[in-house]
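Here is a short tour of one chain, written to be read with the model open beside it.

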Amino acid sequence: MRTIQNEDAAILASIHYQSFEDSWSSSYFQQLLKTCFGFINDGGFILCRQACEEIEIITFCVIPNMRNKGIGRSLLHQLELYAYENKISSIFLEVQSDNSTAQHLYKSFNYIPVAIRKNYYGTHDAIVMKRAFYNNESM
Ligand SMILES: CC(C)(COP(=O)(O)OP(=O)(O)OC[C@H]1O[C@@H](n2cnc3c(N)ncnc32)[C@H](O)[C@@H]1OP(=O)(O)O)[C@@H](O)C(=O)NCCC(=O)NCCS
């Protein structure tokens with residue numbers, strides 16, 4: 001596990017290409033990396049943007065032949081550590097309504113659904129999920 005560096009744009013694009021039908025180019029990741037941060041680990045990464053005490057997960061994926069080995073969970077755990085260390089109040093994300101694997105993972109980290117964006121992914125809705133942190137929570 002390590003933090004994502006500016007030089008990682010090509011590897012992020014490669015992992016993303018293997019993970020989503022609507023993939024993002026290396027040059028797009030270069031642009032994102034000017035304002036985003038994240039973590040990369042064994043065929044997966046999580047990329048986020050922070051504004052004051054809030055974080056938005058921009059994208060999160062693991063290549064298909066490395067899935068179901070706990071890599072996604074470890075990336076979310078790393079983000080939890082970052083959130084505690086940086087006094088983050090909430091993390092938001094959008095997930096496709098039929099993505100049961102991702103929703104299962106998020107719920108296990110106390111993300112809760114807070115809104116629906118109708119047809120956000122063409123024919124599918126997006127569920128907006130939020131992970132709230134409280135002052136008395138500890139790792
Ligand atoms: C979501 C994703 C990042 C998870 O990565 P991963 O490394 O496979 O995740 P993990 O192995 O840590 O955990 C997978 C969990 O989902 C569960 N799972 C697997 N298939 C499932 C299914 N069809 N329905 C519900 N849960 C499922 C596993 O049992 C495991 O849960 P557990 O730890 O409680 O047993 C990966 O599936 C992925 O890249 N998907 C495509 C891109 C994507 O959907 N990204 C999220 C966009 S919001």
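## A glycine in a strand

Gly38 is found in strand β2, where helices (H or I, at least four residues) and strands (E, at least two) are DSSP runs, numbered from the N terminus. Gly38 is buried, because 23 other C-beta atoms lie within 10 Å. The cut-offs used here are 20 or more other C-beta atoms within 10 Å for buried, 12 or fewer for exposed, and partly exposed in between, with C-beta atoms placed from the backbone.

Which residues touch Gly38, leaving aside its neighbours within four places in sequence? They are Ile4, Phe45, Ile46, Leu47 and Cys48, with contact meaning that the C-beta atoms, placed from the backbone, lie within 7 Å. Leu75 is 37 residues from Gly38 in sequence, and their C-alpha atoms are 9.0 Å apart in space.

## How to read this model

A word on the source: this is a predicted model, in which local features need pLDDT of at least 70, side-chain atom pairs count only at pLDDT 80 or more, and totals for chains, interfaces and linings use all residues. Residues are numbered from 1 along each chain as its sequence is written.

## Helix α3 and its two faces

Helix α3 covers residues 71-85, 15 residues in total, and reaches 21 Å from its first C-alpha to its last, close to the 21 Å expected. That expected span is 1.5 Å times one less than the number of residues. Just after α3, Lys87 takes a positive phi of about 55°.

## Around the ligand

How many residues surround the ligand? There are 22, and the closest are Cys61, Arg67, Gly72, Arg73 and His104; a residue is near if its C-beta atom, placed from the backbone, lies within 6 Å of the molecule. The elements giving two or more residues to this shell are β4, α3, β5 and α4, and α4 gives the most, with 6 residues.

## Two asparagines with positive phi

Asn68 sits in the loop between β4 and α3 and has a positive phi of about 60° although it is not a glycine. Asn68 counts as exposed, because it has 10 C-beta neighbours inside 10 Å. Asn119, in strand β6 (residues 112-121), has a phi near 55°, again a positive value in a residue other than glycine. Asn119 counts as exposed, with 9 C-beta neighbours inside 10 Å.

## The whole chain

Stepping back, the chain has 4 helices and 7 strands, following the pattern β-α-α-β-β-β-α-β-α-β-β along the sequence. Its radius of gyration is 15 Å, close to the 14 Å that the globule rule gives for 139 residues, so the chain is as compact as a globular protein of that length. The radius is taken over C-alpha atoms, and the rule is 2.2 Å times the number of residues to the power 0.38. Buried residues make up 24% of the 139 residues.

Technical notes
Two residues are in contact if their C-beta atoms, placed from the backbone, lie within 7 Å.
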